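Subject: Structure handover

Hello,

The structure is pasted below, and my notes on it follow. Please read them with the structure open.

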Amino acid sequence: MTVLEVMERLNIKEETLAIAWIKDAIHLIQSNTKEKVESTKRDLIKSVNSTDNVYILPADLVSLENISIKDTSDSKYKKIKRMTSQPHYLAEDTSP
Amino acid sequence: MSFFVDKEWFYYLRGREILLYKLRGGSSTSRISQSGVFQSYDNEMMYPDEDIADGLRIEYTRVSEPFVAEELETTTSYESGIIISFEDGTGTSVGGRDVIDLGSTATTEFVADDKIRVRGSTSNDGDYTILAISVDVSTGYRQLDVVAGSFTTEAVGGRISITQIPVEVESPSATSHINLNKMLNLAVIDYCKAMLAEQNGEIDKKEYFMKEFYSKLGDNESNKRNISVSFPSGPFAVR
């Protein structure tokens, strides 16, 4: 279906408005269902402090499906579990 | 080396960030010292303690390629077989182009400007755009020309599939197609009608069309998961 067909069905003349609404609708569709799922990969780095283990979510993300880590023993990506709360800092090992 | 990652690795979402943690102990025998070690109740956690190339994989939905050059239902061209080969710089229609030789004289459904996805090859899997359809002068086989520098030479033998995929329109206009199937296109129209009703201050109509929108989303999902349920009537049931 073309943008023009949508405009005719709505009886509107503003092409830019129709395109904006269509994009909004697709956003809502992607938020509620899994019409088109994509994946991205990042390098994992050895962390030595509380900033090294932080990775930014993709900027264009609408809905997160899952996160997996590469198991280097068999080169397979395996889904990992989400923690509902951040680990509580009870003790920090400062010994050499 | 990482192992049992599904049991020993965890993530926590903090706003736009993913925080990764690893369970200390278990299969891990590395010595934990100095910074980055802390405890969480009975389970001691630590920060990831190794480099892994492409180690983090995030699966998600996004608004990608919302508009395409042709209707989604018409992007059905497909070729598959063990007679497909790849040639580096042997194109004849325009010298130097790389080609996919279909190994057959049969007419192909592909046309110029189609976007294709190659799978099953040793080193040429990927997405490409067909520049022209040509014919090998020596064999008479159909060939798909793509831009030079795309392929590594690969002989016939492997089972290769070539599937047409939609071509994105980056600057949409009235003639652009929505990159959705027919049912979801109808859902989009309901959404637009809802927005139009809202603009006109007709909130009851807006609610109605939004309900229709979600109803079509549900229909689209259930169309992929058709389940037939039958209820046998009992021997004393009123018929």
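In this predicted model, helix α2 (residues 15-32) of chain A packs against helix α2 (residues 182-199) of chain B at an angle of about 120°, and their axes are 9 Å apart. Helices here are DSSP runs of H or I with at least four residues, strands are runs of E with at least two, and both are numbered from the N terminus. Axes are lines fitted to C-alpha atoms, for helices over the stretch in contact, and angles run from 0 to 180 degrees between N-to-C directions. The angle makes α2(A) oblique to α2(B) (under 35 degrees is roughly parallel, over 145 roughly antiparallel, 65 to 115 roughly perpendicular, and the rest oblique).

The residues in contact (C-beta atoms, placed from the backbone, within 7 Å) include A:W21 and A:I22 of α2(A) and B:V188 and B:Y191 of α2(B).

The largest nonpolar core has 24 residues, and A:V6, A:I22, A:A25, B:V188, B:Y191 and B:C192 touch the most other members. Such a core is a set of buried Ala, Val, Leu, Ile, Met, Phe, Trp, Tyr and Cys residues joined through C-beta atoms within 7 Å; buried means 20 or more other C-beta atoms within 10 Å, exposed 12 or fewer, and partly exposed in between. α2(B) gives the most to this core, with eight residues. A second, separate core of 17 residues includes A:I67 and B:W9.

Residues are numbered from 1 along each chain as its sequence is written, and chains are lettered from A and ligands numbered from 1 in the order written. Local features need pLDDT of at least 70 and side-chain atom pairs 80 or more, while totals for chains, interfaces and linings use all residues.

Regards

Conventions
Two residues are in contact if their C-beta atoms, placed from the backbone, lie within 7 Å.
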